[in-house]
Amino acid sequence: MRPDGRAPDELRPIAIELHALPFAEGSAIITMGQTRVLCSATVEERIPQFRKGSGRGWVTAEYSMLPRSTQTRTERDGRRGRVDGRVQEIQRLIGRSLRAAVDFDALGERSVIIDCDVLVADGGTRTASITGGYIALALAVGRMREAGVLHGEVLRWPVAAVSAGIVAGEPRLDLAYLEDAAAETDMNCVGAADGRFIELQGSAELEPFSRPEMDRLLDLAAGGLQRLFEVQREALARAV
C-alpha cells in the first residue's frame, strides 16, 4: 500500500494554474500532490556569445527551492558563495529537456529563460519543473506569435517528465518524498508527446536493478507521460 493509497501506476493529483505572474511572458504553477512549482518564462532579445550571428535562438533554465519548501529550512542557494551541485544538475536537466522541444531557427536570435521555483517540495520537483516549464515556454511562444515576431513553428512537440521507482520491491509511478527516500531504484524520465524519450536518469540506491525491472519502470513512465501530455493540452487550451 502506498502512503497516499494510490495504485502503483497512478499519478498524484495534478493541477496547472496559468498566468501566475502578471509580468512574465509565460508563467504557471504546477501542483502534483503536495509538490508545487512556480514556472516562468522570460524572453530576451539577446543570445549567448556562441550563438551570435547564427540566426538561432536559445533556451536555458534556472531552478531554486524556497527555504521552507521542505520539512526543515533549506539555506538559500549561493549563501555559501557557490551554487549547489544538485541545483546545477537539475537546472541543466530542465534546460536540456526543454531545448529538445524547440526549433531554434524559428525562434530567431532571442533567448527564453525558464525559472523554476519550488514552493513546496514533496518529491518530483525536477520532473514537475520540466512539465510546468514547458507550459511557461508555450505561453511565451504564444505571446511572441501574437506580437508577430516569430516566423514558423517554434515548438516541435510537448515535453513532460515523471519519476518512477522500485519501493519495497514494487515498481511505482510518480514517487512522493516518503517513497523517494525509501526507494531501492529511482528513475526520472523525460519524454516527447510522440512517445520517444528525451532523457532517462536511473540509479540503484541499494541493489542493482535488472533489465526487466527497468523495462517495467519505463512502461510506467510512458503511461504517466501520456497522462501529463493530456493535462498540458487541457491547460493550454484554456489559454486560447
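My entries on the model, the sheets and the pocket follow.

**Basis.** I worked from a predicted model, in which local features need pLDDT of at least 70 and side-chain atom pairs count only at pLDDT 80 or more, while totals for chains, interfaces and linings use all residues. Residues are numbered from 1 along each chain as its sequence is written, and side-chain values use heavy atoms, with hydrogens and water left out.

Entry 1: I looked up the strands (DSSP runs of E, at least two residues, numbered from the N terminus, as are helices, runs of H or I of at least four residues). I took two strands as paired if DSSP finds at least two bridges between them. I found an open sheet of 5 strands in the order 1-2-3-5-4, with mixed pairing. Its edge strands are strand 1 (14-18) and strand 4 (58-65), each of which pairs on one side only. Within this sheet, strand 2 (residues 26-32) runs antiparallel to strand 3 (residues 35-44), and 7 bridges join them. I noted that Ile 30 stands opposite Val 37 in strand 3. Helix 3 packs on this sheet and touches strand 1, strand 2, strand 3, strand 4 and strand 5 (111-120); contact means heavy atoms within 4.5 Å.

Entry 2: I found 4 strands in an open sheet, ordered 7-6-8-9, with antiparallel pairing. Strand 7 and strand 9 (197-204) stand at the edges with a single partner strand each, so one side of each is left without a neighbour in the sheet. I saw that strand 6 and strand 7 form a hairpin with 2 residues between them, and that Ala 168 in the turn has a positive phi of about 55°. Strand 8 (residues 185-192) and strand 9 pair over 7 bridges. Asp 186 has Ser 203 in strand 9 as its bridge partner.

**Entry 3: the pocket.** I took a pocket as an open set of points on a 1 Å grid over the protein atoms alone, where a 1.4 Å probe fits, with protein on both sides within 12 Å along at least five of seven lines; lining residues have an atom within 4 Å of a point. Which residues lie nearest the centre of the second largest pocket? They are Ala 138, Leu 139, Gly 142, Arg 143 and Ala 239, out of 15 lining residues. Helix 3 (125-146) and helix 5 (211-239) each supply at least two residues of this lining. The largest share, 8 residues, comes from helix 3.

Key: Axes fitted to C-alpha atoms, helices over the stretch in contact; angles between N-to-C directions.
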